[in-house]
Amino acid sequence: TFAMSEPQAVTGLVFAPLWLSSGPLLAYNLTLLAQLWLNGWAGRGLLLSLSVSRPAAALGGVLFLGLPFVRHELGVLQLCAAWPVLLALTELVHLSRSASALAVVRLGLWSVITAWTCVYYALFLGLFVLLAGLCYLRRELFSWRFLRAAALGLAIVVTGLYPLYAAERRADAGAHEGRLGER
């Protein structure tokens, strides 16, 4: 069903065991609550990375629970999962301050998790990462240590996204073959 849309593998890792143990309705509701809680937790982390005070970040995290777009899309689980994007943006904040190899690797991981949660969000995140990369071009980023980390981060993204890309290509080819056979 999701081959031409959203694979939601990360969401499925939470939903599947809940569904098997408690049925689809409770599993959906618990998965939605987990998504909302993760949005608040990741939003708080993003605010802390921006040097917001702990109480203000905690309040901000609570506000991230009710993001207007997420609230509007409560019936669409993949659109409720803003947390991987928020965690990736947190890594971009860390990279804006120093050329941290670990932040690059985490950014790669969060980018892959974003794609396996919501392809739409991954596309938007990719634009932010590209623009941030252009803004971060400065001499300190061109150390061998950082370039190795960037290569590792890129390898993580390519390796993590290839199965998704390959599956969508197969589904697309199958859809076109079906249409051509009808003519």
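Reply: Helices are DSSP runs of H or I with at least four residues, strands are runs of E with at least two, and both are numbered from the N terminus. By that rule the protein chain has 9 helices and 0 strands, and its elements run α-α-α-α-α-α-α-α-α from the N terminus on. This is a predicted model, in which local features need pLDDT of at least 70 and side-chain atom pairs count only at pLDDT 80 or more, while totals for chains, interfaces and linings use all residues. Residues are numbered from 1 along each chain as its sequence is written, and side-chain values use heavy atoms, with hydrogens and water left out.

Me: Why is serine 51 called exposed?

Reply: Relative accessible area decides this: under 20% is buried, over 50% is exposed, and values in between are partly exposed (1.4 Å probe, protein chains only). Serine 51 has 59%, so it counts as exposed. In the protein chain, buried residues make up 37% of the 183 residues.

Me: How do you know that α2 and α3 meet?

Reply: Contact means heavy atoms within 4.5 Å. In α2, the residues that meet α3 include Leu36, Trp37, Gly40 and Leu47, and their partners in α3 include Ala57, Gly61 and Phe64. By class, this contact has 9 nonpolar, 5 polar and 2 charged residues. Helix α2 covers residues 24–49 and helix α3 residues 54–65; they pack at an angle of about 145° with axes 7 Å apart.

Me: What places leucine 36 in the interior, and which residues does it touch?

Reply: Leucine 36 belongs to helix α2. Its relative accessible area is 16%, so leucine 36 is buried. Apart from neighbours within four places in sequence, leucine 36 contacts Leu65, Val70 and Leu74. Its C-alpha atom is 8.5 Å from that of alanine 82, which is 46 residues away along the chain.

Me: What makes the link between threonine 11 and glutamine 35 a polar contact?

Reply: A polar contact is a pair of N or O atoms within 3.5 Å; within protein, one must be able to donate a hydrogen and the other to accept it, and residues adjacent in sequence count only if both atoms are side-chain atoms. The side chains of threonine 11 and glutamine 35 are joined at 3.3 Å. Threonine 11 is in helix α1 (residues 9–22), and its relative accessibility is 5%, so it counts as buried. Beyond its neighbours within four places in sequence, threonine 11 touches Thr31, Gln35, Leu77 and Thr117.

Me: Why is the pair of glutamate 91 and arginine 106 called a salt bridge?

Reply: A salt bridge needs a side-chain nitrogen of Lys or Arg within 4 Å of a carboxyl oxygen of Asp or Glu. Here the closest N and O atoms are 3.0 Å apart, and the rule gives a count of 1 salt bridge. Glutamate 91 is in helix α6 (residues 83–97) and arginine 106 in helix α7 (residues 101–115), so the pair ties together parts 15 residues apart in sequence. With a relative accessible area of 6%, glutamate 91 is buried, whereas arginine 106, at 28%, is partly exposed.

Technical notes
Axes are lines fitted to C-alpha atoms, for helices over the stretch in contact, and angles run from 0 to 180 degrees between N-to-C directions. Ala, Val, Leu, Ile, Met, Phe, Trp, Tyr, Cys and Pro count as nonpolar, Asp, Glu, Lys and Arg as charged, and the others, Gly among them, as polar.
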